[in-house]
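Please open the model in your viewer and keep a selection tool at hand. The tour below moves from one selection to the next and says what is there.

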Amino acid sequence: MPYFDAASSVPLHPVARQALLAALDEGWADPSRLYREGRRARMLLDAARQTAAEAVGCRPDELVFTPSGTRALHDGVAGALAGRRRAGRHLVVSAVEHSAVLHAADLHRSGGGTVGEVLVDRTGRVAPGAFAEALRAAPGPAALACLQSANHEVGTEQPVAEVAGECREAGVPLLVDAAQSLGWGPVEGDWSLLTGSAHK
């Protein structure tokens with residue numbers, strides 16, 4: 001029977017399955033330890049980090065593994081807001097973000113921050129210039145903007161490169177949720193933070 005729900009998850013690629021089995025067989029030890037098995041686990045972890053960094057377009061030391069895309073989004077939003085708390089307390093998100101981003105926005109709001117929402121057209125796409133306008137209309141300096149690269153329910157692709165340029169011009173980092181698109185190719189634009197999910 002064909003599998004059509006690739007928006008939720010896809011079967012493991014054969015090469016990924018081989019890497020996983022090798023890691024289970026050979027990389028079971030603590031990679032921070034100096035004994036032989038630990039060093040082997042460190043080599044496998046470093047190789048995985050290098051491969052993933054090349055796919056994302058960043059340096060290996062800029063890559064963080066999390067248990068899920070949801071956790072990556074929560075950590076990315078919370079970490080960026082905490083790191084930029086002196087720059088501002090305003091968060092800008094699109095109206096169609098993944099629930100993990102919207103929940104992180106609610107948490108930010110309950111902690112005293114403000115949240116601006118960028119509306120989308122009837123196809124679920126943000127208009128060019130909408131993020132720039134939302135950043136200008138913010139009640140205070142913005143600390144972070146968030147935009148998904150592609151919607152996980154209807155498949156709409158967002159103008160990430162344009163929004164990244166608008167955010168860069170305003171001096172605001174852009175977190176891109178690339179869980180749905182990263183498996184299909186690199187994410188264009190001068191984004192600041194990027195999250196993905198291996199099982200998609």
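In which loop does E157 lie? Select E157, and you will be in the loop between strand 3 and helix 6, where helices (H or I, at least four residues) and strands (E, at least two) are DSSP runs numbered from the N terminus. This is a predicted model, in which local features need pLDDT of at least 70 and side-chain atom pairs count only at pLDDT 80 or more, while totals for chains, interfaces and linings use all residues. Residues are numbered from 1 along each chain as its sequence is written, and side-chain values use heavy atoms, with hydrogens and water left out.

Is E157 buried or exposed? E157 counts as exposed because its relative accessibility is 59%; buried means under 20% relative accessible area, exposed over 50%, and partly exposed in between, with a 1.4 Å probe and protein chains only. Leaving aside neighbours within four places in sequence, E157 is in contact (heavy atoms within 4.5 Å) with R125, S149 and A150.

Next, select helix 6, residues 160–170, and colour its buried residues, which are V160, V163, A164, E166 and C167. Seen down the axis of helix 6, these buried residues fall within an arc of 160°, so they line one face of the helix; the arc is that of the directions from the helix axis to the C-beta atoms. What covers them includes helix 5 (130–136), strand 3 (142–148) and strand 4 (174–177). After helix 6 comes G171, whose phi is positive, near 75°.

Now turn to the largest nonpolar core, which has 23 residues, with F131, L174 and V176 making the most contacts inside it. A nonpolar core is a set of buried Ala, Val, Leu, Ile, Met, Phe, Trp, Tyr and Cys residues joined through side-chain atoms within 4.5 Å. Helix 5, strand 3, helix 6 and strand 4 are the elements that give two or more residues to this core. A second, separate core of 15 residues includes L73, V77, A105 and L175. Select F131 itself, and, not counting residues up to four places away in sequence, you will find that it touches residues including V92, V118, A145, V163 and C167.

Finally, zoom out to the whole protein, which has six helices and five strands. Of its 200 residues, 36% count as buried.
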